[in-house]
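Biologist: I would like to learn how to read the features of a model like this one. Could you take me through them in turn?

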Amino acid sequence: MDGRRDSEIAMGCWETMPGTENLVTDGHVQGLRKSLWAEHLGVYEDVFEFPRSIECVRRVRELTQHNWQCYVANINKKQDDSATGHMLTYPIKVSKSGDISPATENGYFPDTTAPILGTKSTYLPSRLTV
């Protein structure tokens with residue numbers, strides 16, 4: 001974001017049975033997801049066994065919103081150390097019509113001058129930076 005931190009990455013994985021196109025639902029990819037979630041959320045709960053469920057989505061969102069609030073409080077010297085992990089919600093608001101806006105007052109990450117919405121790249125294809 002501001003060049004002094006780790007970057008975010010998105011990836012997709014799937015696993016098939018050897019010699020077939022049948023998806024494996026309890027293999028190494030699931031183990032990787034569980035490990036990453038436990039590390040980044042700071043907890044692993046039974047609801048995470050069903051990542052498609054609305055209960056799981058709500059719980060992950062609840063944890064990441066809590067971690068964001070702790071992060072902001074710590075930056076503002078309110079020292080809230082009750083974060084469960086280091087996965088945070090990305091500070092944007094999405095309107096019902098799909099418009100995106102920053103969730104902070106000034107449009108920047110709290111401890112930087114990096115804009116939350118970023119800028120459109122002049123060297124990457126537009127479909128990657130829209």
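Modeller: Start with the overall figures. Of the 130 residues of the protein, 20% count as buried. Keep in mind that this is a predicted model. The accessible surface comes to about 10200 Å², and carbon and sulfur atoms account for 53% of that area.

Biologist: How many helices and strands does the protein have?

Modeller: The secondary structure comes to three helices and two strands. Read from the N terminus on, the elements run α-α-β-β-α. As for contacts, take those between residues at least 6 apart in sequence: 25% of them join residues at least 24 apart.

Biologist: Which residues of helix 1 are buried?

Modeller: Gln-30, Arg-33, Trp-37 and Leu-41 are the buried residues of helix 1. Viewed down the helix axis, they fall within an arc of 60°, so they line one face of helix 1. What these buried residues pack against is helix 2, residues 54-75.

Biologist: And what comes before helix 1?

Modeller: Gly-27 is in the segment before helix 1. Gly-27 counts as partly exposed because its relative accessibility is 22%, and buried would require under 20%. The C-alpha atoms of Gly-27 and Met-17 are separated by 9.4 Å, with the two residues 10 apart along the chain.

Biologist: Next, charged pairs. What is the general idea, and how many salt bridges are there by the rule used here?

Modeller: Side chains of opposite charge can pair when their charged atoms come close. The rule asks for a side-chain nitrogen of Lys or Arg within 4 Å of a carboxyl oxygen of Asp or Glu. By this rule the count is three salt bridges.

One of them joins the side chains of Glu-49 and Lys-34, at 3.1 Å from N to O. This pair links distant parts of the chain, since Glu-49 is in the loop between helix 1 and helix 2 while Lys-34 is in helix 1, 15 residues apart. Glu-49 has 29% relative accessibility and therefore counts as partly exposed; Lys-34, at 25%, also counts as partly exposed.

Biologist: Where do Glu-45 and Arg-59 lie, and what does their pair tie together?

Modeller: The side chains of Glu-45 and Arg-59 meet in a salt bridge at 2.8 Å, N to O. Glu-45 lies in the loop between helix 1 and helix 2, and Arg-59 lies in helix 2, so the pair ties together parts that are 14 residues apart in sequence. Glu-45 is partly exposed at 24% relative accessibility, and Arg-59 is partly exposed at 22%.

Biologist: Which residue is three residues apart from Arg-59 in helix 2?

Modeller: That is Glu-62; because of this spacing, Glu-62 and Arg-59 are separated by about one helical turn. Their side chains meet in a salt bridge at 2.3 Å, N to O. Glu-62 has a relative accessible area of 47%, which makes it partly exposed. Through shared partners, salt bridges join Glu-45, Arg-59 and Glu-62 into one network.

Biologist: Is Thr-89 buried or exposed?

Modeller: Buried means under 20% relative accessible area. Thr-89 counts as buried because its relative accessibility is 14%. Thr-89 lies in the loop between helix 2 and strand 1. Leaving aside residues up to four places away in sequence, Thr-89 touches Arg-61, Thr-64, Gln-65 and Trp-68.

Biologist: Last, the surface. Which residues form a nonpolar patch there?

Modeller: The patch consists of Tyr-90, Ile-92, Val-94, Ile-100 and Leu-117, which together have about 450 Å² of accessible area. One of these residues, Val-94, is found in strand 1, residues 92-94. The cut-off for exposed is over 50%, and Val-94 counts as exposed because its relative accessibility is 53%.

Definitions and conventions. Residues numbered from 1 in each chain as written. Predicted model: local features only at pLDDT ≥ 70, side-chain atom pairs only at ≥ 80, totals over all residues. Heavy atoms only, no water. Patch = residues over 30% accessible without salt bridge, like charges linked within 9 Å, V, L, I, M, F, W, Y side chains within 5 Å. Areas by Shrake-Rupley, 256 points an atom, 1.4 Å probe, with all protein chains shown as cover. Helix = DSSP H or I, 4+ residues; strand = E, 2+ residues; numbered from the N terminus. Buried < 20%, exposed > 50% of the residue type's maximum accessible area, 1.4 Å probe, protein only. Arc of directions from axis to C-beta. Contact = heavy atoms within 4.5 Å.
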